[in-house]
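Please keep the sequence and the structure in view while reading.

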Amino acid sequence: MLDLRALPGRLLGAMLPSACALCGAYSDRAVCPACEQAYVLPVTRCPCCANPAGSADLGRHCGACLADSPAFDATVAACDYAAPLDSLVLQLKFGAQLALAPWMARMLHGAVARAAPALPDVLCPVPLGPARLVERGYNQALEVARPLAGALRVAIAPRLLQRVRETPAQSNAAPGERKKNVRGAFGVNAAGDVRGRHVGVVDDVMSSGHTLDEVATVLKRAGAARVTNFVFARTPPHA
């Protein structure tokens, strides 16, 4: 029996066909199932920083995290920041391709299901500074965080974190300057009580990890008991 309530959506889909953001083939998803299977592959990762690890190290912290523990406790990543998936991050961040955000959240939800970490009490995005938010018109981390929170059935606090100091983009900073670049850049909203809570922090990409380490430092200073990062892509250590 035809469901008349679904008819408008079907007609719109027929009139406005979409294409896979990677291969260009017709798809009713932002990325077609074939590209998902080809490129979003399960990877054994360090449970703390999400860098790739050998299968023998499953569940163990990598040497870098053991030698210099970050402020965050865990990281879940859906994929590596590498071709061709890196192009999707750029399309979302700089091309306003917002339809990619729910897809990234779905891939990240799959990674959460595989890693089975302790779920946070609340999710929050890494905030943009006011100037960059005005320039871009949206925060890509928040666009991923909203559908991820729904999928995980976790509360979302979009304004829990604040960018209290504008900083140059980390991608423009030299590797040795990135930690200094974000020092003192974040704060916790006075209206947000994180004492004793497990906070999940969402971002599109984790590169050096300095931004997320600074965010976790601020959250822990405010009383958070645990901080877990949820990122779509993780830059491999050799990149």
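A residue counts as buried when its relative accessible area is under 20%, as exposed when that area is over 50%, and as partly exposed in between. The model discussed here is predicted, and it holds seven salt bridges, of which the following are described by topic.

**Arginine 29 and glutamate 36**

- Arginine 29 forms a salt bridge with glutamate 36, and the closest N and O atoms of this pair lie 3.6 Å apart.
- Glutamate 36 has a relative accessibility of 12% and is therefore buried, whereas arginine 29, with a relative accessible area of 36%, is partly exposed.

**Lysine 93 and aspartate 204**

- A salt bridge also joins the side chains of lysine 93 and aspartate 204, with an N to O distance of 3.3 Å.
- Because lysine 93 belongs to helix H4 (residues 85–95) and aspartate 204 to strand E6 (residues 198–206), this pair ties together parts that are 111 residues apart in sequence.
- Aspartate 204 counts as buried, its relative accessibility being 3%.

**Glutamate 143 and arginine 146**

- Between glutamate 143 and arginine 146 there is a salt bridge whose closest N and O atoms are 3.3 Å apart.
- Both residues lie in helix H7 (residues 140–152), where a spacing of three residues separates them by about one helical turn.
- Arginine 146 is partly exposed at 46% relative accessibility, and glutamate 143 is likewise partly exposed, at 21%.

Notes:
Residues are numbered from 1 along each chain as its sequence is written. This is a predicted model: local features need pLDDT of at least 70, side-chain atom pairs count only at pLDDT 80 or more; totals for chains, interfaces and linings use all residues. Side-chain values use heavy atoms; hydrogens and water are left out. A salt bridge is a side-chain nitrogen of Lys or Arg within 4 Å of a carboxyl oxygen of Asp or Glu. Buried means under 20% relative accessible area, exposed over 50%, partly exposed in between (1.4 Å probe, protein chains only). Helices (H or I, at least four residues) and strands (E, at least two) are DSSP runs, numbered from the N terminus.
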